[in-house]
Amino acid sequence: MIPVVTPVEMSAIDAAAPEPEEVLIERAGSAVARCALDLLGGAYGRSVVVIAGKGNNGNDGRVAARRLSQRGVAVQLIGPGDPLPDRPRRRPDLVIDAAFGTGFADRAHWHPTEVGDVPVLAVDIPSGVNGLTGEAVAGVPACHTTVTFAALKPGLLLEPGRSLSGRVEVVDIGLDCSSARAWWVGAGDAAS
């Protein structure tokens, strides 16, 4: 079974962690980089654009960018709403969405980055999707994969967030989610 926690509950779990915030961000960003390398099929000759916001979601993206660059991936960081880099005859192989995460609430400042048909890897939840309700603002690109940390969020399970999230991977970064009040029961759990 996988714990399901609201964004407010996740904030409390983060705050109660015995490790410093920087350690958790390093773990999360490293997990994003590993997932990106899997999606890319390796690092050689690959290029990635990371959309990094101001908060911890953006920090996760910056760590992933650093890790990918260390592996030889050509990485470019841009801000939320910035256009994808215009490289002659070369589009990025992957876009990492680390713009807003579960804290997204400011519809007035929503300016999506147009990604076209480039695969998107979301960090925690696709930017523009409400982490509690699954509601989405216009322009949220459908992601290939979403990497979320420690627990599922309701916005990953409720439509349209569920469809926009693609394949969801829950990664353990050392947070204690035993206080979760809801759990997602998978087919294997039900069978046992």
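**Close-up views of a predicted model**

**View 1. Gly 41 and helix H2.** Just after H2, Gly 41 has a positive phi of about 75°. The model shown here and in the other views is predicted. Helix H2 (21-40) is built from 20 residues, and its first and last C-alpha atoms are 28 Å apart, close to the 28 Å expected at 1.5 Å a residue. Buried residues of H2 include Leu 24, Ile 25, Ala 28, Gly 29, Ser 30 and Ala 31. Val 32, Ala 33, Cys 35, Ala 36, Leu 37 and Leu 40 of this helix are buried as well. An α-helix has 3.6 residues a turn, so residues three or four places apart point the same way.

**View 2. The largest pocket.** This pocket has a volume of about 640 Å³. Its lining is made up of 28 residues, and those closest to the pocket centre are Asp 14, Asn 56, Asn 57, Asp 60 and Thr 102. Helix H1 (7-15), helix H2 (21-40) and helix H3 (56-70) are the elements that each contribute two or more lining residues. H1 gives the largest share, with 5 residues. Sorted by class, the lining holds 13 nonpolar, 8 polar and 7 charged residues.

**View 3. The salt bridge between Arg 181 and Glu 9.** The whole structure contains 7 salt bridges. In one of them, Arg 181 pairs with Glu 9, with 2.7 Å between the closest N and O atoms. Distant parts of the chain are linked by this pair: Glu 9 belongs to helix H1, while Arg 181 sits in the loop between strand E7 (167-171) and strand E8 (182-184), 172 residues apart. Arg 181 is exposed, at a relative accessible area of 71%.

**View 4. The salt bridge between Arg 91 and Asp 117.** The closest N and O atoms of this pair are 3.5 Å apart. With a relative accessible area of 46%, Arg 91 is partly exposed, whereas Asp 117 is exposed at 61%.

**View 5. The salt bridge between Asp 124 and Lys 153.** The two side chains meet at 3.2 Å, N to O. Asp 124 lies in the loop between E5 and strand E6 (145-149) and Lys 153 in the loop between E6 and helix H4 (154-157), so parts that are 29 residues apart in sequence are tied together. Asp 124 is buried, with a relative accessible area of 11%. Lys 153 is buried too, with a value of 1%.

**View 6. A salt-bridge network.** Salt bridges link Glu 26, Arg 66 and Arg 67 in a network. Side chains of opposite charge can pair when their charged atoms come close.

View 7. A search of the whole structure gives 0 disulfides. For Cys 35, which is in no disulfide, the nearest cysteine sulfur is that of Cys 143, 11 Å away. Cys 35 counts as buried because its relative accessibility is 4%, under the 20% cut-off. The sulfur of Cys 177 has its closest cysteine sulfur in Cys 35, at 19 Å, which is too far for a bond. Cys 177 is buried, with a relative accessible area of 7%.

Notes
Residues are numbered from 1 along each chain as its sequence is written. This is a predicted model: local features need pLDDT of at least 70, side-chain atom pairs count only at pLDDT 80 or more; totals for chains, interfaces and linings use all residues. Side-chain values use heavy atoms; hydrogens and water are left out. On a 1 Å grid over the protein atoms alone, a cavity is a set of points where a 1.4 Å probe fits but cannot get out, and a pocket is an open set with protein on both sides within 12 Å along at least five of seven lines; lining residues have an atom within 4 Å of a point. Grid points are joined across faces, edges and corners, and a volume is the space filled by probe spheres set on the points. Helices (H or I, at least four residues) and strands (E, at least two) are DSSP runs, numbered from the N terminus. Ala, Val, Leu, Ile, Met, Phe, Trp, Tyr, Cys and Pro count as nonpolar, Asp, Glu, Lys and Arg as charged, and the others, Gly among them, as polar. A salt bridge is a side-chain nitrogen of Lys or Arg within 4 Å of a carboxyl oxygen of Asp or Glu. Buried means under 20% relative accessible area, exposed over 50%, partly exposed in between (1.4 Å probe, protein chains only). A disulfide is a pair of cysteine sulfur atoms within 2.5 Å. The expected span of a helix is 1.5 Å times one less than its number of residues.
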